[in-house]
Amino acid sequence: MPEAPQMQALAERIADWLVGATFEGYEPLGFSGLKTVSPAPEALVGAALVRVDRRAKYVTLQFDNDLRVMFHLSQAGRLDFESPPKKTRPKGAVVRWRFSGDRAVLLREFGTERKAGWWVLGVDEAGPVENIGPEATSEAFATWVRSSDDGRRIHTILRDQRTVAGVGRGYADDILHRAKLSPYASLKSLDADERERLLGALHEVLDEGLERERKRTGGLSENKLGEHFTVHGKAGLPCPVCGADLKRVSYESHEVVYCPTCQTGGKVLADRRLSRLVK
Ligand SMILES: [Zn+2]
């Protein structure tokens, strides 16, 4: 799933490519990805794009008539830059936005989740980010981590967008590996040093992720985006720090990957799926 570093770098590439361009129209292509009724997207026609921002895992296109387009890629959403615009309707296509200068942006989704979407918002409308927590690298989140007695597991906290914005399962695995903390440790069980380690690792991993993402060009088209993770998705491979086998805990929709030597004092966490298989 695209997380804050991917979406931040994508917002920067859209800005480089399209700021100053005029919105010329849109083509709804597949399932209903448009999440708002009013203002209508037609109200964007003729407006110039002035800025592109990111908040959490959402990118915002700000136009000079005070309207904004916000979009979210969810698990499997992707974005293609097209110049000249294509006429095709690829599988999973959601919408194509046409801009001046013979350019277009295609929002699409592979797979069947149909969770990618877009919003057209007026000046005072927060849209889908209304109840989202502070950015992961913000001072507000650091202050909260230092003082909270939240009893949830830190892996869960990092992925909860109402608590902290922009981190998903990929960077959550890598952050906890870098911090040498168990994904199952609760925040309230961490002492002050461990909390600083968590914050330090979070900043390092997200900064490095952004650096890497800034080397990408064009949209965000590749089906697989996660090859660069340190431990996420790499269960069974050697830990890059100590060489021990990385382990996983499997859930319905995702898995948590960790190093028992670096993170859990050698303890292998129960994997329900695995224990079912063994029985
Ligand atoms: Zn290790």
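A residue is called buried when its relative accessible area is under 20%, exposed when over 50%, and partly exposed in between (1.4 Å probe, protein chains only). The structure described here is a predicted model, in which local features need pLDDT of at least 70 and side-chain atom pairs count only at pLDDT 80 or more, while totals for chains, interfaces and linings use all residues. Residues are numbered from 1 along each chain as its sequence is written, and side-chain values use heavy atoms, with hydrogens and water left out.

In soluble globular proteins, nonpolar side chains tend to be buried together. A nonpolar core is taken as a set of buried Ala, Val, Leu, Ile, Met, Phe, Trp, Tyr and Cys residues joined through side-chain atoms within 4.5 Å. The largest such core contains 29 residues, and F71 and W97 have the most contacts inside it. Two or more residues each come from α1 (4–18), β2 (49–55), β3 (58–63), β4 (68–72), β6 (93–99), β7 (103–109) and β8 (117–121). Of these elements, α1 gives the largest share, five residues. Helices (H or I, at least four residues) and strands (E, at least two) are DSSP runs, numbered from the N terminus.

Contact means heavy atoms within 4.5 Å. With neighbours within four places in sequence left aside, the partners of F71 include M7, L10 and I14, as well as W97, L107, W118 and W119. A second, separate core has 25 residues, among them A136, V164, L181 and F229.

Attention now turns to charged side chains. Side chains of opposite charge can pair when their charged atoms come close. A salt bridge is counted when a side-chain nitrogen of Lys or Arg lies within 4 Å of a carboxyl oxygen of Asp or Glu, and the structure holds 19 of them.

R216 and E213 are joined by a salt bridge of 2.7 Å, N to O; R216 is buried at 18% relative accessible area, and E213 is buried at 2%. In the bridge between D53 and R51, the N to O distance is 3.1 Å. Here D53 is partly exposed at 27%, and R51 is likewise partly exposed, at 44%. For R146 and E139, the closest N and O atoms are 3.6 Å apart; R146 is partly exposed at 43%, whereas E139 is exposed at 55%. Beyond these pairs, a network of salt bridges links E27, E82, R96 and R98.
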